[in-house]
Amino acid sequence: MRKLIAFDEDTFDKLKQLGRDRMGTLQELADEAFADLLKKHGIPVDLSDALRKSARLGGDAKTTARPKTRKARSR
């Protein structure tokens, strides 16, 4: 899917230079940036991430069925 994204000239020049320095394309930079953004917000990027997250959630539910409460110390 294609979407149009606007950058100011300075930002676009810096992104082009970064792409050249890393011997990559602007598309590769965008893919990396959006994958990092999704990861930051806990959204799985691909199927393996989704399965890993699902397995963790399923395992956590079994071990944390009852919240632990702290007893007050008497002095």
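Which residues form a nonpolar patch on the surface, and about how much accessible area do they have together?

Guide: The model shown here is a predicted one. In this model, the nonpolar patch on the surface is formed by Ile-5, Phe-7, Phe-12, Leu-26, Phe-34 and Leu-37. Together these residues have about 530 Å² of accessible area. Helix H2 gives the most to the patch, with 3 residues.

Leu-37 has its place in helix H2. Its relative accessibility is 41%, so Leu-37 counts as partly exposed, given that this class lies between the limit for buried, under 20%, and the limit for exposed, over 50%.

The setting of the patch may be described next. The protein chain has 3 helices and 0 strands, and along the sequence its pattern reads α-α-α. Of the 75 residues in the chain, 3% are buried. The accessible surface of the whole chain is about 7700 Å², and carbon and sulfur atoms account for 56% of that surface.

The most comes from H2, with 7 residues. Sorted by class, the lining of the largest pocket comprises 10 nonpolar residues, 1 polar residue and 3 charged residues.

The second largest pocket may be set beside this one. About 200 Å³ of space lies in it. Among the residues that line the second largest pocket are Ala-35, Asp-36 and Lys-39, as well as Asp-49, Arg-52, Lys-53 and Arg-56. The elements that give two or more residues to this lining are H2 and helix H3 (47-63). Here H3 gives the most, with 4 residues. The lining of the second largest pocket divides into 4 nonpolar, 1 polar and 6 charged residues.

H2 gives the most to the nonpolar patch, gives the most to the lining of the largest pocket, and gives two or more residues to the lining of the second largest pocket.

Methods:
Residues numbered from 1 in each chain as written. Predicted model: local features only at pLDDT ≥ 70, side-chain atom pairs only at ≥ 80, totals over all residues. Heavy atoms only, no water. Nonpolar A, V, L, I, M, F, W, Y, C, P; charged D, E, K, R; others polar. 1 Å grid on protein atoms, 1.4 Å probe; cavity = no way out; pocket = protein on both sides within 12 Å on 5 of 7 lines; lining within 4 Å. Points joined across faces, edges and corners; volume = space filled by probe spheres on them. Patch = residues over 30% accessible without salt bridge, like charges linked within 9 Å, V, L, I, M, F, W, Y side chains within 5 Å. Areas by Shrake-Rupley, 256 points an atom, 1.4 Å probe, with all protein chains shown as cover. Salt bridge = Lys/Arg side-chain N within 4 Å of Asp/Glu carboxyl O. Buried < 20%, exposed > 50% of the residue type's maximum accessible area, 1.4 Å probe, protein only.
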